[in-house]
Amino acid sequence: MSTSGNAQRRPSQLFRNLNAKVASIPMILTALLVFLGGTVWTIVYSFTNSKLLPRLKFVGLDQYERLWSAPRWLTSIENLLVYGVLSLIFSLVIGFVLAALLDQKIRFEGVFRTIFLYPFALSFVVTGLTWQWILNPDFGVQNIVRAMGWESFTFNPLYDQDIVIYGILIAGLWQGTGLIMCLMLAGLRGIDEDIWKAARVDGIPMWKTYLFIVIPMMRPVFITTLVIIASGIVRLYDLVVAQTSGGPGGASEVPAKYVYDYMFLAQNLGQGFAASTMMLLSVAIIVVPWAYLEFGGHKRG
Amino acid sequence: MADIQTLNTVAAGIDPVADRMSGPQGARPRRALSRRNIFLYGTLILVAAYYLVPLYVMIVTSLKGMPEIRLGNIFSPPVEITFEPWVKAWATACTGLNCDGLSRGFWNSVQITVPSVIFSIAVASVNGYALANWRFKGADTFFTILIVGAFIPYQVMIYPIVILLREIGLYGSLWGLVIVHSIFGMPILTLLFRNYFSSVPEELFKAARVDGAGFWRIYFVIMLPMALPIFVVAIILQITGIWNDFLFGVIYTKPDTYPMTVQLNNIVNSVQGVKEYNVNMAATILTGLVPLAVYFVSGKLFVRGIAAGAVKG
């Protein structure tokens with residue numbers, strides 16, 4: 001694969017760097033036993049009809065057929081897609097714009113940064129419950145706008161099946177954009193002042209400099225950021241549980257919740273395994289090629 | 001390196017308004033109330049207000065009595081400040097049959113967080129160091145699995161871990177949860193440390209090697225002291241991450257040992273009884289208090305650390 005040619009052609013290969021190998025045992029165990037082993041185990045058992053306990057009685061694709069004909073699962077997938085795409089776009093855009101604003105040598109930068117980032121320190125449960133309260137139709141935003149005279153004003157995402165996922169998105173963005181802003185800001189600070197000078201000399205307008213020079217230069221930052229956002233999206237669970245408990249009428253269900261409910265509440269393990277395998281599959285389609293390009297193809301330079 | 005003239009040009013280059021007014025450039029004194037500044041600070045202040053509103057609403061709600069909440073709006077400051085909701089949330093709020101408030105969850109969370117933070121960081125820092133400086137054959141493969149593993153939805157690994165923990169007799173125990181947190185914290189922490197140690201000049205490492213220092217000696221004498229900032233960052237990330245965890249708490253602990261987040265959710269989202277919004281909000285703030293305190297105390301390091309870990313990616 002890579003550079004394992006000349007340097008390591010020596011005797012006693014196994015004992016070279018022995019300490020490093022010993023020290024890496026937890027990582028090796030985690031990687032092989034939990035991440036790899038656990039994943040394979042779950043995939044294998046997703047083809048069984050395990051109920052309360054895992055049993056190796058294979059039933060082919062039964063669990064998957066049942067899964068994809070379950071309305072609740074379809075809703076979950078749809079919700080995750082909507083939430084995922086929107087939160088990716090909004091996080092990146094808002095995060096970058098905020099970072100660019102903060103990068104204008106402004107005063108009180110620290111204060112603004114502290115304010116934008118503090119929700120990130122909170123638990124999703126806290127965020128969910130807070131926004132549940134703010135979006136409460138009887139006391140929250142809707143009630144206040146109505147009290148100001150706009151009687152027909154309706155903004156009731158947590159009790160409206162059609163838009164409940166946007167209610168969750170609002171809370172999710174409130175919590176997460178600060179981090180993205182920080183990553184972006186760090187990226188912007190890493191850009192050489194000379195670049196700005198050169199762009200200035202050439203008379204390139206500011207927005208163009210950002211769009212065509214700075215952003216491409218920040219590729220590593222964007223990749224890191226994407227990684228962070230994407231892994232957060234798939235895990236979307238606590239926020240939903242706290243904010244809506246999947247309601248109203250199951251309209252804000254997400255795959256992670258489906259899995260948990262079937263594994264630990266409905267005691268239908270096979271169904272839970274199948275659902276989690278589907279989650280894995282969708283992630284794998286996106287991540288594996290990227291991970292290979294990023295880490296496998298070439299050595300870190 | 002740069003004289004005054006170029007510095008001024010740079011300052012002008014940052015100014016979007018100057019683009020349109022292609023007049024005289026250079027040492028123009030900046031007015032406090034230019035259009036640019038109004039736009040800039042206006043936007044920032046608006047956004048800041050948006051970020052602060054939920055915190056404000058939580059605080060004022062938790063200080064009101066229930067009658068006042070039913071009448072007024074959630075943004076109005078309390079007419080009569082009462083701390084009763086806070087006392088109730090901490091000491092007597094009910095989850096199921098237990099009516100000893102959030103205090104139990106708080107102490108559970110402390111008992112979970114402290115060992116998890118220490119253990120996970122100890123493991124990951126050594127890992128990162130080994131990966132950055134002692135690259136043995138296959139190390140990159142494991143690291144790749146680890147990083148790809150960071151993408152694997154937790155849900156895929158939850159049940160096998162239940163079985164593993166049951167096998168070693170730690171399921172449902174505090175140490176089981178500590179192991180779980182260490183496992184799932186490992187990818188990001190290892191990446192953080194690996195990136196940091198990679199940025200340490202290699203000459204330093206080589207010089208230590210020439211002087212005969214081994215794996216652990218270089219780690220403890222050279223790398224560890226140099227990496228203190230990144231350790232602080234890791235500690236901050238882990239404290240907030242583990243304190244805020246909900247999923248693992250639900251799965252790997254029992255009702256008696258539920259962490260604070262789980263208990264909070266059970267208190268607020270319980271279907272029985274009259275909803276006491278003020279108590280709920282007090283409980284919510286109480287749960288958020290620890291990570292918030294960590295965040296506000298460590299503010300600059302938190303930010304600097306995120307930057308250090310991320311940019312090298």
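Which residues do ring pairs link into a cluster?

1. In this predicted model, the cluster joined by ring pairs consists of Tyr129(B), Trp134(B), Phe193(B), Tyr196(B), Phe197(B), Phe205(B), Phe215(B), Trp216(B), Tyr219(B), Phe220(B) and Phe231(B). Across all chains, a search of the whole structure returns 48 aromatic pairs.

2. A second tilted pair is formed by Tyr129(B) and Tyr219(B), with ring centres 5.2 Å apart and planes at 45°. Here distant parts of the chain are linked: Tyr129(B) belongs to helix α6 (residues 103-133) of chain B and Tyr219(B) to helix α11 (residues 215-226) of chain B, 90 residues apart. Both Tyr129(B) and Tyr219(B) are buried, and both are members of the cluster named in point 1.

3. A ring and a charge also meet in the model. The charged end of Arg235(A) is placed over the ring of Tyr154(B), at 3.8 Å from the ring centre.

4. The largest nonpolar core holds 177 residues, and the members touching the most others are Phe116(A), Met218(A), Tyr129(B), Phe184(B) and Tyr252(B). Helix α8 (residues 164-189) of chain A supplies the largest share of this core, 15 residues. By way of background, nonpolar side chains in soluble globular proteins tend to be buried together.

5. Tyr252(B), one of those core residues, can be examined through its contacts. Neighbours within four places in sequence aside, Tyr252(B) contacts Met157(B), Ile158(B), Ile161(B), Val162(B), Leu165(B), Tyr171(B), Gly172(B), Ser173(B), Leu177(B) and Val180(B).

6. Is Asn265(B) buried or exposed? With 7% relative accessibility, Asn265(B) counts as buried; this residue lies in helix α14 (residues 260-268) of chain B. When residues up to four places away in sequence are not counted, Asn265(B) touches Val125(A), Leu129(A), Val241(A) and Ala242(A) in chain A, together with Phe246(B) and Ser270(B) in chain B. The C-alpha atom of Asn265(B) is separated by 9.4 Å from that of Asn280(B), which is 15 residues away along the chain.

Key
Residues numbered from 1 in each chain as written. Chains lettered and ligands numbered in written order. Predicted model: local features only at pLDDT ≥ 70, side-chain atom pairs only at ≥ 80, totals over all residues. Heavy atoms only, no water. Phe/Tyr/Trp six-rings, centres within 6.5 Å; stacked < 30°, edge-to-face > 60°. Helix = DSSP H or I, 4+ residues; strand = E, 2+ residues; numbered from the N terminus. Buried < 20%, exposed > 50% of the residue type's maximum accessible area, 1.4 Å probe, protein only. Lys NZ or Arg CZ within 6 Å of the ring centre and 35° of its normal. Core = buried A, V, L, I, M, F, W, Y, C linked by side-chain atoms within 4.5 Å. Contact = heavy atoms within 4.5 Å.
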